[in-house]
Amino acid sequence: MKALTLSVALASTAALAGCSSLLGGGGREPTTIYAPQVQVDTDAAWPSIPWTIVVANPSAPRVIDSSRIAVRPTPDELQVYHGAAWAQSGTDMLQNAVVRALEDSGRTAGAGTTESGIRGTFKLVMDVRQFEADYAGGDMPSATIVLNAKLVQSYDQSVTASRTFKVVQPARGTAVDQVVPAFDQALSQVTSQIVGWALNSAKAHPPIDPTLPKNMPATSG
């Protein structure tokens, strides 16, 4: 089993703009920077594939694609925590975690980001819908990550498989330093699920050889 550590938790003080909503505003305050630890063990059930997978930077609403730590106190209200920020955006954390889990698993011919210039046999595309502490009508928040993932064949951009993932990890309390560890666990869970699904989907749907005439299946023997 291999363990993946994305980064150790950081705590530093800096002067960043305080904010009370998505639009921000008002004053300056000390800010604690958090970098969740993402630990993913390689599952023995994950298949090995002889192809490469590249991971595109996920798409997401602006508040997720930023350093703000989002919190949803009511279903129709989205705010951000005062005096706290991520070291990376939620999209960057997710992309890095998935790439490193694929790399460390040893179950592919190679893995990387699309930004690195690597041309993968498959491309993993993710659309992040939620990356927030959600009270969901209760008294305690949960780290909630919801995203849709598509495994795409790079040579013709056809979708091999698509799945929506949702992970809800209850926090120990309402304070931000009690919420962040829940994101550690939620990120680890969703990363493991995505990697296992991507490997199994690629195994079940081998890439079509683009050198063959159209509509002629590849043969073995």
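In this predicted model, the protein chain has an average pLDDT (the predictor's confidence in each residue, from 0 to 100) of 85, and 81% of the residues score at least 70. Residues are numbered from 1 along each chain as its sequence is written. Local features need a pLDDT of at least 70 and side-chain atom pairs count only at 80 or more, while totals for chains, interfaces and linings use all residues, and side-chain values use heavy atoms, with hydrogens and water left out.

Rings of Phe, Tyr and Trp (its six-membered ring) were paired if their centres lie within 6.5 Å, with planes under 30 degrees apart counted as stacked, over 60 as edge-to-face and the rest as tilted; this rule gives 5 aromatic pairs. The ring centres of Trp 86 and Phe 183 are 5.1 Å apart and their planes stand at 75 degrees, so this pair is edge-to-face. Trp 86 belongs to strand β6 (residues 84–86) and Phe 183 to helix α2 (residues 176–204), so that the pair links parts of the chain 97 residues apart, where helices (H or I, at least four residues) and strands (E, at least two) are DSSP runs numbered from the N terminus. Trp 86 is buried at 3% relative accessible area, and Phe 183 is buried at 1%, buried being under 20%, exposed over 50% and partly exposed in between (1.4 Å probe, protein chains only). Ring pairs join Trp 86, Phe 131 and Phe 183 into a cluster.
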